[in-house]
Amino acid sequence: MSASAGPAAVPPLAGFTVGVTAARRAEELGTMLERRGAVVQHGPAIRIVPLADDADLLAATRDLIARPPDITVATTGIGFRGWVEAAEGWGLGAALFDALGAGTLIARGPKARGAIRASGLTDAWSPASESSAEVLDHLLSQGVEGRRIAVQLHGEPLPDVVESLTLAGAEVVEVPVYRWEPPADIGPLDRLTDQVLAGGVDVLAFTSAPAAAGVLRRAGERGVREELLNLLRGPVLALCVGPVTAAPLEALEVPTVQPQRSRLGAMVRRLEGEMPARARSLPVAGHWLEIRGHAALVDGELRMLPPNGMILLRTLARRPGRVVARAELLAALPGRGNDEHAVETAVARLRAALGSPKLIQTVVKRGYRLALDPAAGPVPVGGHCLHGDAV
């Protein structure tokens, strides 16, 4: 058997396709993924609409300057910075700093904390979970009756937080700095969703809860929501930057993969460790064959496969070493009707793409098989072990 070139020979995400749904920092995320070998497809699910000229934001800012809050909650870095920039544009920047600095500032997460400190103010506390729920629990445990609390919104209302604080006796001032809306051009998101539905995407990456909700909302509008959810519960991995982002998916029983720290770099590193472990490795015809999302490794060398070839390889790999009938292979190919010649053509192209024709053996009048090495020992198949002498 040929020695594998080892994982260092091929980028960890080579052969996998990742869909990016982010509106912000999508290029940065895509670059990190591509450097690790992934093919990236981008379909933004939301867009950020700043409210620098919005009357509600101006009114809230003037109100807080006139009657400074006891507590200010900054939920996002981009939102807090946008608020500061809008106030400065109105000539109210210094007055806003004085008003916020007179009370206590709470940051929902490290990005909000960084924005507070960059403005010259100081935050008093931040939750480990980076969640609004933990901020609410902290405030309620401290007691909020009679206190004036400013809550910087993060793209959408926070009715549970506002209602709970109000019921506990606080006066809450909502500060709408920006809002999330569907993308101006919905085409890229629809194309990304279509690729997922067609089996062309291995990972769908989410960097915000509104993006996750936006993908599902648009899928619902197109009548494909349940189909998409079934794929996210099965072969397509849902990669989330953190628990807040994952919440809309997990509420629908979609399993997610997350890094320990809610950062883009940590998210990509988590994926680096996850995807190679999901690849299927088989000893075939004196070689090591590793089946990835949309490519294969033969003895550690990446082989890009045509779509029909990938379909046939996966079908054969479900029962490695066993004969798969031509009729079954034909049924797996999209739009081929009853033309068994289409199977022969696809197999020929697959053999050429793999670079080793002997990996796939023709069994006359029966079909084809992956030429599993009988002496290679047990090979995992669907949670069981298939021994070489059982082929």
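## Confidence in the model

Over residues 378-391, pLDDT stays under 50. The model has 30 contacts beyond four places in sequence for residues 378-391. This structure is a predicted model, and pLDDT is the predictor's confidence in each residue. Residues 1-8 also have pLDDT under 50 throughout; for this stretch the model has 14 contacts beyond four places in sequence.

For the protein chain as a whole, the mean pLDDT is 89. A pLDDT of 70 or more is reached by 92% of its residues.

## A four-stranded sheet

Strands of a sheet pair through backbone hydrogen bonds, either parallel or antiparallel. Here four strands make up an open sheet, and their order is β12-β13-β14-β15. The pairing in this sheet is antiparallel. Which strands stand at the edges? They are β12 (280-284) and β15 (301-304). Each has a single partner strand, so one side of each is left without a neighbour in the sheet. From one strand to the next, the twist averages 25 degrees.

Strand β14 covers residues 295-298 and pairs with β15 in the antiparallel sense, over four bridges. The bridge partner of Ala 295 is Met 304, in β15. Helix α15 (residues 341-354) packs on the sheet. This helix touches β13 (287-291), β14 and β15, and its direction makes about 150 degrees with that of β15.

## Helices α2 and α4

Helix α2 spans residues 55-66 and helix α4 spans residues 93-101. Their axes come within 8 Å and cross at roughly 55 degrees. Because of this angle, α2 is oblique to α4. The crossing in which α2 passes α4 is left-handed.

On the α2 side, the residues that meet α4 are Thr 61, Leu 64 and Ile 65. Their counterparts in α4 are Ala 95, Leu 96 and Ala 99. By class, the contact of α2 with α4 has five nonpolar residues, one polar and no charged.

## Helices α9 and α10

Helix α9 (residues 209-221) packs with helix α10 (residues 225-232) at an angle of about 135 degrees. The axes of these two helices are 7 Å apart. What does the angle make α9 in relation to α10? The angle makes α9 oblique to α10.

In α9, the contact is made by Val 215, Leu 216, Ala 219 and Gly 220. In α10, Arg 225, Leu 228 and Leu 229 take part. The residues of the contact of α9 with α10 divide into five nonpolar, one polar and one charged.

Technical notes
Residues numbered from 1 in each chain as written. Predicted model: local features only at pLDDT ≥ 70, side-chain atom pairs only at ≥ 80, totals over all residues. Heavy atoms only, no water. Pairing = 2+ DSSP bridges. Axes fitted to C-alpha atoms, helices over the stretch in contact; angles between N-to-C directions. Contact = heavy atoms within 4.5 Å. Parallel < 35°, antiparallel > 145°, perpendicular 65-115°, else oblique. Left-handed = near helix turned anticlockwise from the far one by under 90°. Nonpolar A, V, L, I, M, F, W, Y, C, P; charged D, E, K, R; others polar. pLDDT = per-residue confidence, 0-100.
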